[in-house]
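Subject: Structure handover and notes

Dear colleague,

I am passing on the structure we spoke about, together with my notes on it. Please look it over alongside the text below.

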Amino acid sequence: MRVDFVVPRYGLEVVGGAEYGARMLAERLVELRGWDVQVLTTCAVSSDTWADEYEDGTTDINGVTVRRFRSLAGRDPGFDRWSDRVLADPRRAAPRDQERWIELQGPVNPDVIEAARRSDAGAIVFYPYLFYPTVHGVPAVGRRAVLQAAAHDEAPLRLPLFRPVFTAAAGLVFHTFGEQDLVQRLFPVAATRQIVLGLGVEEGPGEAEPARAALGIGDRPYLVCVGRVDDGKGTRMLVELFAAYKARRPGPLALVLVGPVIDEPPRHPDVIVAGGVDQETKWGAIRGAVALVNPSAYESFSIVLIEAWTVGVPVLVNARCAATREHCERSGGGLWFDGYAELEVTLDRLLADRDLRSSLAAKGRAYVDGSFRWPVLIERYATFLEGVAAHG
């Protein structure tokens with residue numbers, strides 16, 4: 001079968017986010033099913049600018065055909081100011097203001113839409129919902145469109161211009177049951193063909209001791225947070241709560257932040273800002289941690305939780321994030337906090353009770369084995385896409 005993916009950026013340099021999820025799925029459909037998979041995308045690497053950085057044209061990445069087109073515009077410098085105005089009351093935003101919001105956010109790329117419209121693929125997957133290629137692409141390809149929204153509870157999801165996008169899709173793929181419930185509450189899509197899938201995982205190489213040495217951790221116990229160091233991802237909140245914890249619980253515990261720094265966090269002697277690291281160091285840092293912490297309130301899946309459980313590390317998440325809390329509740333493999341008092345209690349329990357950490361890690365790993373190993377996940381995904389192609 002032939003399937004196309006339409007994403008705002010794609011490449012080995014794009015790590016994290018929905019586009020990374022799209023690459024993992026595309027490559028496994030080639031590897032495990034022998035499908036013909038094509039990606040239609042822009043030349044962007046950074047979602048902060050959507051500037052053209054890759055060469056346009058056709059290339060092959062791990063068996064996937066990638067066609068890149070130059071954009072008419074990336075993210076406008078005035079987008080944030082415009083967004084504040086439009087999203088103050090998204091349900092009442094004027095249609096022309098919503099269209100301008102999409103264009104200022106970028107990437108504006110009509111050539112990707114035209115390539116999708118002309119494609120003879122049986123199914124065309126748009127991933128995620130938020131950007132110009134999906135907003136204009138789903139209606140353009142009609143009943144071959146599959147939407148992997150990667151939605152979470154945020155103001156843009158309530159802009160009326162997304163209603164025809166969600167209702168036009170022939171198939172919907174969700175990361176979690178919470179995402180499915182959210183989308184069904186906002187849009188009349190209960191009768192649309194749909195599946196809760198998530199993403200698969202494979203253990204990466206990398207040992208704890210080299211990572212400790214590379215990051216200057218020494219032999220201290222530590223929590224690790226993997227992903228963008230970004231106020232919007234809750235990193236500043238985590239650092240501030242951690243500093244309060246250390247003021248009440250002095251000792252060797254450290255917090256290690258692994259990932260590109262978007263917003264510089266507050267300085268603290270027990271917080272190590274590692275920045276971007278190679279995969280071996282990342283996996284080693286996870287393996288050596290007491291627990292992995294994801295403080296973000298806005299996640300649609302959180303692959304780092306799945307990675308931590310894969311290597312036997314318990315997790316601690318923000319109670320306000322429906323997706324990560326759902327993972328913890330369904331697996332029994334993690335704890336959650338809402339504010340300092342709960343963080344203090346959960347950290348005290350995790351640090352003091354080795355048996356609790358082992359039990360959480362074992363339950364998390366069982367959850368991953370049951371739902372997120374690639375062969376099983378790709379079999380479900382391929383069957384779903386074949387159904388859309390046959391009946392869309």
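The notes below take up the sheet, the cores, some backbone details and the salt bridges.

This is a predicted model, in which local features need pLDDT of at least 70 and side-chain atom pairs count only at pLDDT 80 or more, while totals for chains, interfaces and linings use all residues. Residues are numbered from 1 along each chain as its sequence is written, and side-chain values use heavy atoms, with hydrogens and water left out.

**The sheet and its helices**

Helices (H or I, at least four residues) and strands (E, at least two) are DSSP runs numbered from the N terminus, and two strands are taken to pair if DSSP finds at least two bridges between them. On that basis there is an open sheet of eight strands with mixed pairing, in the order β3-β4-β2-β1-β5-β6-β7-β8. Its edges are formed by β3 (57-61) and β8 (193-196), each of which pairs on one side only. With direction ignored, neighbouring strands of this sheet are turned by 25° against each other on average; here axes are lines fitted to C-alpha atoms, for helices over the stretch in contact, and angles run from 0 to 180 degrees between N-to-C directions.

Within the sheet, strands β5 (residues 123-126) and β6 (residues 145-147) run parallel and are joined by three bridges, with I124 standing opposite A145 in β6. Helix α5 (residues 132-141) packs on the sheet, where it touches β1 (2-6), β5 and β6, and its direction makes about 160° with that of β5; contact means heavy atoms within 4.5 Å. Helix α7 (residues 177-186), in turn, lies across β7 (171-174) and β8, and runs at about 145° to β8.

**Nonpolar cores**

A nonpolar core is defined here as a set of buried Ala, Val, Leu, Ile, Met, Phe, Trp, Tyr and Cys residues joined through side-chain atoms within 4.5 Å, where buried means under 20% relative accessible area, exposed over 50% and partly exposed in between, using a 1.4 Å probe and protein chains only. The largest such core has 67 residues, and those with the most contacts inside it are F5, L25, L29, Y381 and L385. If its neighbours within four places in sequence are left aside, F5 is in contact with a set of residues that includes A22, L25, L29, V39, V125 and Y381. There is also a second, separate core of 46 residues, with A93, L159, L186 and V196 among them. In soluble globular proteins, nonpolar side chains tend to be buried together.

**Backbone details**

Two cis peptide bonds may deserve a look in your viewer. The bond from G106 to P107 is cis, with omega near -5°, and P107 has its place in the loop between α3 (95-105) and α4 (110-118). The bond from Y127 to P128 is likewise cis, with omega near 5°, and P128 sits in the loop between β5 and α5.

Positive phi values turn up in residues other than glycine. For W50, in the loop between β2 (36-42) and β3, phi is near 60°, and W50 counts as buried at 1% relative accessibility. For A150, in the loop between β6 and α6 (163-168), phi is near 50°, and A150 is buried with a relative accessible area of 14%.

**Salt bridges**

With a salt bridge taken as a side-chain nitrogen of Lys or Arg within 4 Å of a carboxyl oxygen of Asp or Glu, a search of the whole structure finds 29 salt bridges. The side chains of R85 and D97 meet in one of them, at 3.6 Å from N to O. R85 lies in helix α2 (residues 79-86) and D97 in helix α3, so this pair ties together parts that are 12 residues apart in sequence. R85 counts as exposed at 52% relative accessibility, whereas D97 counts as buried at 15%.

E114 forms a salt bridge with R118, the closest N and O atoms being 2.7 Å apart, and both residues lie in helix α4, four residues apart, or about one turn of the helix. E114 is partly exposed at 29% relative accessibility, and R118 is exposed with a relative accessible area of 64%.

R220 and D270 form a further salt bridge, with 2.5 Å between the closest N and O atoms. R220 lies in the loop between α8 (208-215) and β9 (222-226) and D270 in the loop between β10 (254-258) and β11 (271-275), so the pair ties together parts that are 50 residues apart in sequence. D270 is buried, with a relative accessible area of 15%. Finally, R248, R249, E344 and D348 are linked in a network of salt bridges.

With best wishes
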